[in-house]
Amino acid sequence: MNSSSYINAQDIHKQFSKGSESIDVLNDLDLEIVSGDFIALMGASGSGKSTLLNLIAGIDTPTHGQIVIDGIDIAKLNDSQRTKWRTNNIGYVFQQYHLISTLNAEKNVELPLLLHKLNKTDRKKRVLAALSLVDLEDRAHHKPSELSGGQEQRVGIARAIVTDPNILLCDEPTGNLDRKSGDEILELLQGLNSEHNKTIIMVTHDPHAAACAKRILYLNEGKVSTKALQ
Amino acid sequence: MKFLPLIFADILTKKVRFIFILAALSIAFFLFAYLSAIKQGFIGGVDASGVDRMIVVNKVSTFNTMPISYKHKILNVPGVLRVSEASWFGGYYQDRKNTFPQYAVHPEDYLAMREGEFEIDEEQVQAWIKDREGALIGDTIAERFGWEVGDRITLTTTIWENKQWNNDWEFNICGIATTKNKNVNMQGMLFHHKYFDEARAWGNDQVGWFTIQSKDAKQLDTISNRIDDFFENSDNETKTSPEKSFTRGFINQIGDIEAIFLSILGVVFITLLAVTGSAMTQGIKEHMSDIAVMSVIGFSPRFIATITIIESVVVALIGSSIGIMLAWLACSMFGDPTNGLLPIFHMPDLVAWKGLGLAGLFGFVIGLIPVILILRMDKVQALRAIN
């Protein structure tokens, strides 16, 4: 284990049961990511990209193996501890944005802050700062239906960074966007990585998007490789 | 407070469904409050009955009369403080639909045993006592027919002919009584039993019942037994019971009001539970993606479940408040729906509180169904479903 690694996954095995059948999605996977890295995770459908993302986010636990993030083995935490840990350390960006349709951009971004002991003024300050970072402060009072796809995704990113987590997990963040909007999102992620030192793991099918990352990792047969499967 | 937007975000997601749920809840709680007012109209008299009073009726039935001479015999029974004879007049004003209760009573004894129940100007009381044809009326009936002190009115009775062999009887309005007790019947009219007895063509020296005031409210059973024993084997045996029991028994002749009330509401609420419960469960199912996202953000299933329960209770409270308010308005603006058959008609304040309590409980129970779904939700599966 490299002492400088921020995320260290060792011997990760994840098995799913489907009826009487067991499917091994991840097989003794090892992964090391340093702080401030920007990883693009690629692979065929069903290769385990989203499963790996869920394990790093603490949404799911490995069948066996350990995932140490910033010195904490999150696989050993119970559900409630993992939830609390996730609140402070992880920002999650979804492919389909998943904003709450009846809340405006400001209220959507504020959501994760409701779990922190902050007063209304402090919450507002942080929400506006996050919206400003994604260049959407003038859309604070717009509902998701009044925003374009690219703008919705930027609100989604603002929601992910508003608690100032160290790690951003992005599940195909440009998958639903046209090239121009997609490029804007990628530029934004690059900025968050380079200027704000966020560690980013981005699942993508798009080589153009993957090219924006510092490193590209491929998932194949449940293992990580730096080389794409030909 | 900071979670309020979350609660209302969910409620407002499907406005049409929210309006239908509110409408269903409003109708159910309107029925609850309005039927409660009707029930109170029937049984309110029980609450207003005196704890120290008893009613003596003919043992055969309440329709059979007794000799007025019983009054002095009853007065001699140990423990009896006062006795007032009373008879049912059964009259209406101008039109048969204008029925209301009228009782022929002994003015002084009747008022003495109801001290504090009414408020009447002393001059009006004295005027009534002195006027043989005088009548004392409740303010509700005065307002209904626009009667004032000094008016001379004619009532027609379907039971009693007067000495001129017609059914029209004249009375002078001597006093109008008011009360602060909402359970006291203020739709009634009292007049002199003496006038009634002397003027009627038949049935003289007979009374419908006696109202007795005891010296000690704890001795009602003993006094009742003494009176009934005294008249045992006479031509008119008596049945004496506390006024509360008598009133309740009288109401029960119509039917078990409580059981009727509960069965109607039972059906309404079970239907509502099924309809609203399924609508809210459907709503939560449609929200599973939001719930999965909230779960990823860091909201625990228990927290989301709590928000869901609160949302359900809030919806139930809003719907029930609308229904209860409408019932209160209907009771206040339109009054007795039976046009005078209910002696008292109002929605007691307690009904509103009971309604809100019931709504809270209802909302909690309805909320439990989606909560089970949330607590059983597999986050990974839910996430897979939304991506």
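Select Ile69(A) and show what surrounds it. Beyond its neighbours within four places in sequence, Ile69(A) is in contact (heavy atoms within 4.5 Å) with Tyr6(A), Ile7(A), Ile56(A), Ile74(A), Trp85(A) and Ile167(A). This is a predicted model: local features need pLDDT of at least 70, side-chain atom pairs count only at pLDDT 80 or more, and totals for chains, interfaces and linings use all residues. Residues are numbered from 1 along each chain as its sequence is written, chains are lettered from A in the order written, and side-chain values use heavy atoms, without hydrogens and water.

Now widen the selection. Ile69(A), Tyr92(A) and Leu169(A) have the most contacts inside the largest nonpolar core, which has 52 residues. Such a core is a set of buried Ala, Val, Leu, Ile, Met, Phe, Trp, Tyr and Cys residues joined through side-chain atoms within 4.5 Å. Buried means under 20% relative accessible area, with a 1.4 Å probe and protein chains only. Select helix H11 (residues 288–297) of chain B: it gives the most to this core, 7 residues. Helices here are DSSP runs (H or I) of at least four residues, numbered from the N terminus.

Is Ser26(B) buried or exposed? It counts as buried, because its relative accessibility is 9%. A polar atom of its side chain lies 2.7 Å from the backbone oxygen of Leu22(B). Setting aside neighbours within four places in sequence, Ser26(B) is in contact with Gly319(B), Ile322(B) and Gly323(B).

How values were computed: Buried means under 20% relative accessible area, exposed over 50%, partly exposed in between (1.4 Å probe, protein chains only). Helices (H or I, at least four residues) and strands (E, at least two) are DSSP runs, numbered from the N terminus. A polar contact is a pair of N or O atoms within 3.5 Å; within protein, one must be able to donate a hydrogen and the other to accept it, and residues adjacent in sequence count only if both atoms are side-chain atoms.
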